[in-house]
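Visitor: Hi, I have a structure open here and I'm new to this. Could you walk me through it while I ask questions?

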Amino acid sequence: MAKAIVTAVAAQKGGTGKTALAGSLGPLWAYTGARTLLIDLDQQTNLTYAFAVDPERLDATVVDVLAPRNATPIGEAIVPAVHGVEGLDLLPCDERAEALDTQLRSETMGVYKLSDALEPLLERYDRVLLDCPPNVGELTVSALLAADEIICPIKMGDSNALRGLSRLTQTVEKLNRRDAQVSFKSLVKVECDESQLSYRLNNEALLALNERLRLPLARTELRARAAWRTAVTQDLPLILLDEGDRGTREAQGDMHRLATELWPRVGFPFPSEIRARRKQISSASRLVA
């Protein structure tokens, strides 16, 4: 049986859209029939809450899986079928993850604990998506060592959008010189608004920087739309929002086009198809009840 492809969604700074990107790619993959695992490695736990999971009500999270003593087996910490999406599981996080960088640094070969914990699951899933911390610390290095590919969001409305990209690239190069096997799948421009000066300046700077870095850059841009914030307030990933307004349709369409561009041989369902499936399942559940 083929092993899962592990994708790290990583950026060197916070607020870049990592969680929003990972949170929508997960359901898109699951609705293709791929067995999909999302792993929250960010102490802010935004991915965990995006799937309406309260870490305080759980017996274990990824923090317990990576504990230095009496670690919880990874399978016992996984929350299955989040938001009712069959085949989409979540390994949640909690605020204690703030101490993981120090913990992993103090342990011999600590940066390999995540890879070791994941190994038994790689034949159980088809895709694994890692939502990395907002820095290039020990936990992010652990994620990169476990990953096959990296997606790096670039927040185009942020004047410091490109800060850290060179450092992330250097970290990946160093790891690969030490027998890691991870590469950049794509840089992805998020929060794009061509009318804003910050977008135009960042776009010019990104193109100039990428002349040197030579990294894949997605043609599809995720436009700035209020639907991204609406999804956060509803504890839902954007792709699962059941809203009919134009902004939501545009944002969900952007996500679908991005997924199709990154993995062109995969038949990702359109957002309208996902909404129809979810309504059908919801109606069937009410009838049974």
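Visitor: How do α1 and α10 sit relative to each other, and at what angle do they pack?

Guide: In this predicted model, helix α1 (residues 18–30) and helix α10 (residues 246–262) pack at an angle of about 70°, with their axes 11 Å apart. Angles of 65 to 115 degrees count as roughly perpendicular, and α1 and α10 are therefore roughly perpendicular to each other.

Visitor: Which residues make that contact?

Guide: On the α1 side they are Leu21, Ser24, Leu25 and Leu28, and they meet Met255, Leu258 and Ala259 of α10.

Visitor: What else does α1 lie across?

Guide: Helix α1 lies across the strands β1 (5–9), β2, β3, β4, β5 (149–155), β6 and β7, and its direction is at about 165° to that of β4.

Visitor: OK, the strands then. In what order do they come in the sheet?

Guide: Seven strands form an open sheet, in the order β3-β2-β4-β1-β5-β6-β7, and their pairing is parallel. The edges are taken by β3 and β7 (222–223), each of which has a single partner strand, so one side of each is left without a neighbour in the sheet.

Visitor: How many bridges join β2 and β4?

Guide: Strand β2 (residues 36–40) pairs with β4 in the parallel sense over five bridges, and one example is Leu38, whose bridge partner in β4 is Leu129.

Visitor: And how many between β5 and β6?

Guide: Those two strands pair over seven bridges, again in the parallel sense, and Ile150 has Phe184 in β6 as its bridge partner. Seven of the 10 residues of β6 are buried, so this strand is largely enclosed by the rest of the structure.

Visitor: Back to β4: is Asp131 buried or exposed?

Guide: Asp131, which belongs to strand β4 (residues 127–131), has 0% relative accessibility and therefore counts as buried, since the cut-off is under 20%.

Visitor: What does the side chain of Asp131 make polar contacts with?

Guide: It makes one with the side chain of Lys18, at 3.5 Å, and another with the side chain of Thr19, at 2.7 Å. If residues up to four places away in sequence are not counted, Asp131 touches Val9, Lys18, Thr19, Ala22, Ile39, Asp40, Leu41, Asp42 and Leu47.

Visitor: Switching topic, how many residues are in the largest nonpolar core?

Guide: That core has 58 residues, and the ones with the most contacts inside it are Leu118, Val128, Leu130 and Leu165. Its largest share, five residues, comes from helix α6 (residues 138–146). Apart from this core lies another, of 41 residues, which includes Tyr31, Val190, Ala231 and Phe268.

Visitor: Which residues is Val128 in contact with?

Guide: Leaving aside neighbours within four places in sequence, Val128 is in contact with Ala4, Ile5, Val6, Thr7, Leu37, Ile39 and Leu118.

Visitor: Last one, about the loops: where is Asn70, and what is its phi?

Guide: Asn70 is in the loop between α3 (62–65) and β3 (88–91), and its phi is near 50°, a positive value in a residue other than glycine. With a relative accessibility of 78%, Asn70 counts as exposed. Asp179, in the loop between α7 (165–177) and β6 (183–192), also has a positive phi, of about 75°, although it is not a glycine. At 68% relative accessibility, Asp179 counts as exposed.

Notes
Residues are numbered from 1 along each chain as its sequence is written. This is a predicted model: local features need pLDDT of at least 70, side-chain atom pairs count only at pLDDT 80 or more; totals for chains, interfaces and linings use all residues. Side-chain values use heavy atoms; hydrogens and water are left out. A nonpolar core is a set of buried Ala, Val, Leu, Ile, Met, Phe, Trp, Tyr and Cys residues joined through side-chain atoms within 4.5 Å. Buried means under 20% relative accessible area, exposed over 50%, partly exposed in between (1.4 Å probe, protein chains only). Helices (H or I, at least four residues) and strands (E, at least two) are DSSP runs, numbered from the N terminus. Contact means heavy atoms within 4.5 Å. A polar contact is a pair of N or O atoms within 3.5 Å; within protein, one must be able to donate a hydrogen and the other to accept it, and residues adjacent in sequence count only if both atoms are side-chain atoms. Two strands pair if DSSP finds at least two bridges between them. Axes are lines fitted to C-alpha atoms, for helices over the stretch in contact, and angles run from 0 to 180 degrees between N-to-C directions. Angles under 35 degrees count as roughly parallel, over 145 as roughly antiparallel, 65 to 115 as roughly perpendicular and the rest as oblique.
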